[in-house]
Amino acid sequence: MNEKNREEGFESKLGTVTMINGPVVNAVGMSHFAMRELVRVGDSGLTGEVLQMDGDRGVIQVYEDTTGLRVGEPVRGQGRPLSVCLGPGLIGHIIDGIGRPLDRLMEKEGSFLARGTSLDPIDMDRSWEVTPVCKVGDVVSGGMIVATIKETDLVENRVVVPRGVAGEVEFVVAPGFYKTSEVVARIRGADGKTARLMMFHYWPVRTPRPYKERLLPDEPLITGQRVIDGLFPISKGGVAAIPGGFGTGKTVTQHQLAKWSDAKVVVYIGCGERGNEMTQVLEEFPSLEDPYSKKPLMQRTILIANTSNMPVAAREASIYTGITIAEYYRDMGYDVAMMADSTSRWAEALRELSGRLGEIPAEEGFPAYLATRLAEFYERAGKVRTFGGKTASISVIGAVSPPGGDFTEPVTRHTKRFIRCFWALDASLAHARHFPAISWMDSYSEYADEVKDWYHQNVDPSWSALRDEARAILAEDDVVQQTIRLMGEDVLPDSQRLIALTASLLKNGYLQQNSFSDDSFCPPSKGVAIMRMILDFHNQAKRLVAQGCPLSLIRRMKELVELTHVRELSAEDEAGFQSLAKRIGERLEKIGGERLAQEQEEEGL
């Protein structure tokens, strides 16, 4: 049913505005409306949603600016909940928090969006190349694919039979070009009723899309960031949080993950962030190259913009719009990565709306249901088996912006209850220009054991052992550094000074990456090679120190400078890695031999 028919069908459902409190509007004559029903408010037709019902009275959350709205203006019901139109044409475009296409609206109306403007996120008049994958007479059921559409060079859109629909195909289009609004196939069920399948459909954003089975998240989401892939991995279908104070690099880290993750589709939500940050995304992403296919990155990316100067109510809806789009592509069998930047701004929108509704506040003014809403959101991630039998996933990575970097505030604390991967950003690392500024002491990942077998089979059998050894050295260095700050390094034995040296090599040569060079993306194989080289040096040096060799001799090695910059070598330069590893080993053997000869000479004297 198109928008015009919906409006005509529900014209009799009229309410009247009685009070306006920012984005919250009270109305009477609402007894025929439903909870969470989409409505048009006022003569301008502002988009809203019914939040509360009390007899004939209702409370409406308006997703647009209510300036100029008057008491007495009408409220029209739309007969459906807040929904997003799903179909080909989403990828490569930017939409707002309630699903309106900002790029197409700018072409139509200019730089300023008029209130009450409504436009589906996909172009109904655009033609697509459709290829049927079934024929008349075939028996199909929910989850099966009846046709494919070439949405971009990287993503094939698939027309999937909805759950609950089953029967015999009585019509399917021939290969060719068809408009979005045309029927692709008709299916006659056992009851004789016919279901029409089109390229698009609507789905309520607050209702999770169903799947057949939830699976164990045992495959990593490769991000190209060594500190994540090597020490704190996230699996496909996993959930992670990136908390950090102002200026610690949350948005930059989110950008890196959106650019380089090996998910087939990326959904990036700018939820309440500054407009200049979304501008950077819009300017930068179209020029970026996908590292896997060498095609433009926008051919697998959907951007959702709801910046801090947009209506606060739409900010609350934006993450639901984003996760619904992610579920749409998941149901086609794709791995989807969703970035939410930031969930703290979403929670602030909840707090403002809750205050206007007069609800009793909980800690720091947030509503008592904050934890429930966070759980409902993160629960929609996961690795699943679709009704069509495909394995697919949604990985959710949410940035958290605790005021003053306080990780004990409600949003961060409740978020930690529902995630299994925590990448804590450290202000001191950010100020020292260490990128990514992910703290190796405060971060953790519960997915490491689940993805271990994948790394052992596809990257290196010693990955988990190297990871454990590196984390142990970094943890021991944290204690050593406390002693150094209090008493200086000279009081330490060489064994502990070696720990500090190796930890410095790990921090500068492995954990740190330059996002403006070729090192911006690091394959797991290269990361493991760097980690092994540093740890091999540590173990060889440790044996020499245990034999009485002064650490000062080892520190003079010119190869240590090369080891710090080994990350600048290309991942394909195996000869370069092998050459440096060989020279380090030979140099340590030479130092050991010289020290042994010196000891023998001293004994002879």
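Start with E379 and R214. Their side chains meet in a salt bridge, at 3.6 Å from N to O. Keep in mind that this is a predicted model. Where do the two residues of this pair lie? E379 is in the loop between helix 8 (370-378) and strand 23 (382-385). R214 is in strand 18, residues 213-215. So the pair ties together parts that are 165 residues apart in sequence.

Side chains of opposite charge can pair when their charged atoms come close.

How many salt bridges does a search of the whole structure find? The search finds 37. Let's look at two other examples.

Take K150 and D153. Their side chains meet in a salt bridge too, at 3.7 Å from N to O. D153 has 45% relative accessibility, so D153 counts as partly exposed.

Now D331 and R330. This salt bridge is 2.9 Å, again N to O. Buried or exposed? Look at each residue in turn: D331 and R330. Buried means under 20%. D331 has 15% relative accessibility, so D331 counts as buried. R330 has 2%, so R330 counts as buried as well.

Salt bridges can also share partners. Here, such bridges join R36, E49, R206, E316 and R373 into one network.

Next stop, T117. Find T117 in the loop between helix 2 (102-109) and strand 9 (127-132). T117 has a relative accessible area of 8%, so T117 is buried. Which residues does T117 touch, leaving out those up to four places away in sequence? They are E64, R100, L105 and E109.

Last, the helices. Find helix 12, residues 463-487, and helix 14, residues 524-546. Their axes come within 10 Å and cross at roughly 60°. Helix 12 and helix 14 are therefore oblique to each other. The crossing is left-handed. Who makes the contact? From helix 12, W463, L466, R467, E469, A470 and I473. From helix 14, V528, M531, R532, L535, H538 and N539. By class, that contact has seven nonpolar, two polar and three charged residues.

How values were computed. Residues are numbered from 1 along each chain as its sequence is written. This is a predicted model: local features need pLDDT of at least 70, side-chain atom pairs count only at pLDDT 80 or more; totals for chains, interfaces and linings use all residues. Side-chain values use heavy atoms; hydrogens and water are left out. Axes are lines fitted to C-alpha atoms, for helices over the stretch in contact, and angles run from 0 to 180 degrees between N-to-C directions. Helices (H or I, at least four residues) and strands (E, at least two) are DSSP runs, numbered from the N terminus. Angles under 35 degrees count as roughly parallel, over 145 as roughly antiparallel, 65 to 115 as roughly perpendicular and the rest as oblique. A crossing is left-handed if the near helix is turned anticlockwise from the far one by less than a right angle, and right-handed if clockwise. Contact means heavy atoms within 4.5 Å. Ala, Val, Leu, Ile, Met, Phe, Trp, Tyr, Cys and Pro count as nonpolar, Asp, Glu, Lys and Arg as charged, and the others, Gly among them, as polar. A salt bridge is a side-chain nitrogen of Lys or Arg within 4 Å of a carboxyl oxygen of Asp or Glu. Buried means under 20% relative accessible area, exposed over 50%, partly exposed in between (1.4 Å probe, protein chains only).
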